[in-house]
Amino acid sequence: MPLIQTLLYGPILVIAFLTGLFFLWKQAKEEYYDVVQLFDHVSIAFLWGVIASRGAFILLQWQEFGVDIIKWISIYQHPGYIGLAGLVVGLLIIVRKASQSRWNVYELLDFLSISLVASLGIISVGNFISGVGFGLPTDLPIGMSFPGVFDLRHPVQLYSAVALLILFFVLKKMSKEYRTFFWYRVNRRTAQPGFVFSVFLMCYSVIQIGLIPFTPTILLLGGVAIEYMIYPIFLGLGLGLLWVRSGRGLPFSKK
């Protein structure tokens, strides 16, 4: 990674984290959460999320890293992470901390969804600037040059950033309007939180599935990219959560 891009990447990650915290603070403050305690929980979740995403990448690239701890922590000389692993671990920690604090877990997940999308969008831009996470070779006019490769590649970081920007505004709009959706409330007087998080899971999964044809796969199982197996699961989880939180209950359950 060139020096100038190396110097820029760290501050961009900080900006992404602070941006996410800002949107989380803005929403949590309106609902009278203990913001200091919430920030503590989010910071812990973020730290473990980073460790998990880096650890997952190291495990999948074990032939390159082995037990060389210097390589593990040299994110500039040996960049790479599995964002989904960090996302899952971070969310699990938040859910645990929220339960311990006796907060409404689904409401908090709704808040976090908007914050996460904002942070992930900025990180995608940071990846583009630093020249990591580029896509497969292409002859299309949109192809771009990146450090360390000699052919033109899909700028999937930009594809992701644009898609996440659109998703950010969609989630912001829905967070204000979903309580008026009669199809979501069913027979309830008020809509239950969890709608925004459900939409986040579904849309984020669709975005990632759409990027698979342009992105090098991290692992093949039976000749099929593992992403084609993982993201449909999260898409299904989002659909299932939306169904349950709407008050319809589990499929085949007795009323």
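**Close-up views of a predicted model**

Figure 1. Arg102 is exposed, having a relative accessible area of 79% (buried means under 20% relative accessible area, exposed over 50%, and partly exposed in between, with a 1.4 Å probe and protein chains only). The structure is a predicted model, in which local features need pLDDT of at least 70 and side-chain atom pairs count only at pLDDT 80 or more, while totals for chains, interfaces and linings use all residues. Residues are numbered from 1 along each chain as its sequence is written, and side-chain values use heavy atoms, with hydrogens and water left out. Arg102 is located in the loop between α5 and α6. Although Arg102 is not a glycine, its phi is positive, at about 60 degrees.

**Figure 2. Overview of the protein chain.** The protein chain contains 10 helices and two strands (DSSP runs numbered from the N terminus, with helices being H or I of at least four residues and strands E of at least two). Along the sequence these elements follow the pattern α-α-α-α-α-α-α-α-α-β-β-α. Of the 255 residues of the protein chain, 42% count as buried. Among contacts (heavy atoms within 4.5 Å) between residues at least 6 apart in sequence, 64% join residues at least 24 apart.

**Figure 3. Packing of helix α2 against helix α5.** Two packed helices are described by the angle between their axes and by the distance between the axes. Helix α2 (residues 35-60) and helix α5 (residues 83-100) have axes that come within 7 Å and cross at roughly 150 degrees (axes are lines fitted to C-alpha atoms, for helices over the stretch in contact, and angles run from 0 to 180 degrees between N-to-C directions). This angle makes α2 roughly antiparallel to α5 (under 35 degrees counts as roughly parallel, over 145 as roughly antiparallel, 65 to 115 as roughly perpendicular and the rest as oblique). The crossing of α2 and α5 is right-handed (the near helix is turned clockwise from the far one by less than a right angle; anticlockwise is left-handed). From α2, His41, Val42, Ile44, Ala45, Trp48, Gly49, Ala52, Ser53 and Ala56 meet Gly83, Ala85, Gly86, Val89, Gly90, Ile93, Ile94 and Lys97 of α5. By class, the contact of α2 with α5 has 10 nonpolar, six polar and one charged residues (Ala, Val, Leu, Ile, Met, Phe, Trp, Tyr, Cys and Pro count as nonpolar, Asp, Glu, Lys and Arg as charged, and the others, Gly among them, as polar).

**Figure 4. Packing of helix α6 against helix α9.** The axes of helix α6 (residues 105-130) and α9 lie 7 Å apart, at an angle of about 35 degrees. Their crossing is left-handed. On α6, the contact is made by Leu109, Asp110, Ser113, Ile114, Leu116, Val117 and Leu120, and on α9 by Phe195, Val196, Phe197, Phe200 and Tyr204. The residues of this contact divide into 10 nonpolar, one polar and one charged. Beyond its neighbours within four places in sequence, Leu120 is in contact with Leu164 and Tyr204. Leu120 and Ala16 are 104 residues apart in sequence, with a C-alpha to C-alpha separation of 7.2 Å.

**Figure 5. Aromatic pairs.** The whole structure holds 21 aromatic pairs (rings of Phe, Tyr and Trp, its six-membered ring, pair if their centres lie within 6.5 Å; planes under 30 degrees apart count as stacked, over 60 as edge-to-face and the rest as tilted). One of them is the edge-to-face pair of Phe23 and Phe168, with 5.0 Å centre to centre and 65 degrees between the planes. This pair links distant parts of the chain, Phe23 in helix α1 (residues 3-30) and Phe168 in helix α7 (residues 156-177), 145 residues apart. Phe23 counts as buried at 16% relative accessibility, and Phe168 is buried with a relative accessible area of 11%. Another pair, Tyr184 and Phe195, is edge-to-face because the ring centres are 4.9 Å apart and the planes stand at 75 degrees. Tyr184 belongs to helix α8 (residues 182-185) and Phe195 to helix α9 (residues 195-211), so this pair ties together parts 11 residues apart in sequence. Both Tyr184 and Phe195 are buried. Ring pairs also join Phe22, Phe23, Trp25, Phe168 and Phe169 into a cluster.

**Figure 6. Surroundings of Leu152.** Leu152 is found in the loop between α6 and α7. With 36% relative accessibility, Leu152 counts as partly exposed. Residues up to four places away in sequence aside, Leu152 touches Leu136, Pro137, Thr138, Gly143, Met144 and Ser145.
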